[in-house]
Amino acid sequence: MTSIHTYDPDDGAALPELPPLPIGILVTGAADLLNQAADLPQPIYITVYRDQEVCLQFAQDQASLRAITRWTIRFGGVVISEPHQSKDGRTTYVHSEFDFYGITIRAYAYIPAKTANT
């Protein structure tokens, strides 16, 4: 005999873990995200990871700070700016993270320090 148990938050049990989404669903989610953000500046590079994460890289210019800010305002989150030293010199690492239907979205750019200060 099989029994079905429904989740009851009052019994103190944790929510059951959902299985990870297949990569095809993540790609479809990323396409839907881009469709909903068609009026925003577009990333130059998109990476879809099987650990339920999509990364959006923006160009290395001052406009990227504005682009990431606009995406963050639209989808929620906080914009963070950190100094970073790369092989090409000093840069400012600007990034934001937000959730889109259970998928973690990371938007980021490395802006050369000389343009970040102007």
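These legends describe close-up views of a predicted model. Local features need pLDDT of at least 70 and side-chain atom pairs pLDDT 80 or more, while totals for chains, interfaces and linings use all residues. Residues are numbered from 1 along each chain as its sequence is written, and side-chain values use heavy atoms, with hydrogens and water left out.

**View 1. The open sheet has 5 strands in the order 1-2-5-4-3**. Pairing is mixed. Helices (H or I, at least four residues) and strands (E, at least two) are DSSP runs, numbered from the N terminus. Two strands pair if DSSP finds at least two bridges between them. Strand 1 (45–49) and strand 3 (79–86) are the edges; each has a single partner strand, so one side of each lacks a neighbour in the sheet. From one strand to the next, the twist averages 20°. Axes here are lines fitted to C-alpha atoms, for helices over the stretch in contact, with angles from 0 to 180 degrees between N-to-C directions.

**View 2. Strand 3 meets strand 4 (residues 89–100)**. The two pair in the antiparallel sense over 8 bridges. Ser81 stands opposite Val94 in strand 4.

**View 3. Two helices lie across strands of the sheet**. Helix 2 (residues 62–75) lies across strand 2, strand 3, strand 4 and strand 5. Helix 2 runs at about 15° to strand 4.

**View 4. Gln52 sits in the loop between strand 1 and strand 2**. Gln52 is buried (under 20% relative accessible area; exposed is over 50%, partly exposed in between; 1.4 Å probe, protein chains only), at 16%. The Gln52 side chain reaches the backbone nitrogen of Leu21 at 3.0 Å. Beyond its neighbours within four places in sequence, Gln52 is in contact (heavy atoms within 4.5 Å) with Pro20, Leu21, Leu26, Ile103 and Thr104.

**View 5. Ring pairs link Phe58, Trp71, Phe75, Phe98, Phe100 and Tyr101 into a cluster**. Rings of Phe, Tyr and Trp (its six-membered ring) pair if their centres lie within 6.5 Å; planes under 30 degrees apart are stacked, over 60 edge-to-face, the rest tilted. The count comes to 8 aromatic pairs. Trp71 and Phe75 have ring centres 5.7 Å apart and planes at 40°, so the pair is tilted. Both lie in helix 2, 4 residues apart, about one turn of the helix. Trp71 and Phe75 are buried.

**View 6. Tyr108 and Tyr110 form an edge-to-face pair**. Their ring centres are 6.1 Å apart, with planes at 75°. Tyr108 is buried at 17%, whereas Tyr110 is partly exposed at 26%.

Definitions and conventions
A polar contact is a pair of N or O atoms within 3.5 Å; within protein, one must be able to donate a hydrogen and the other to accept it, and residues adjacent in sequence count only if both atoms are side-chain atoms.
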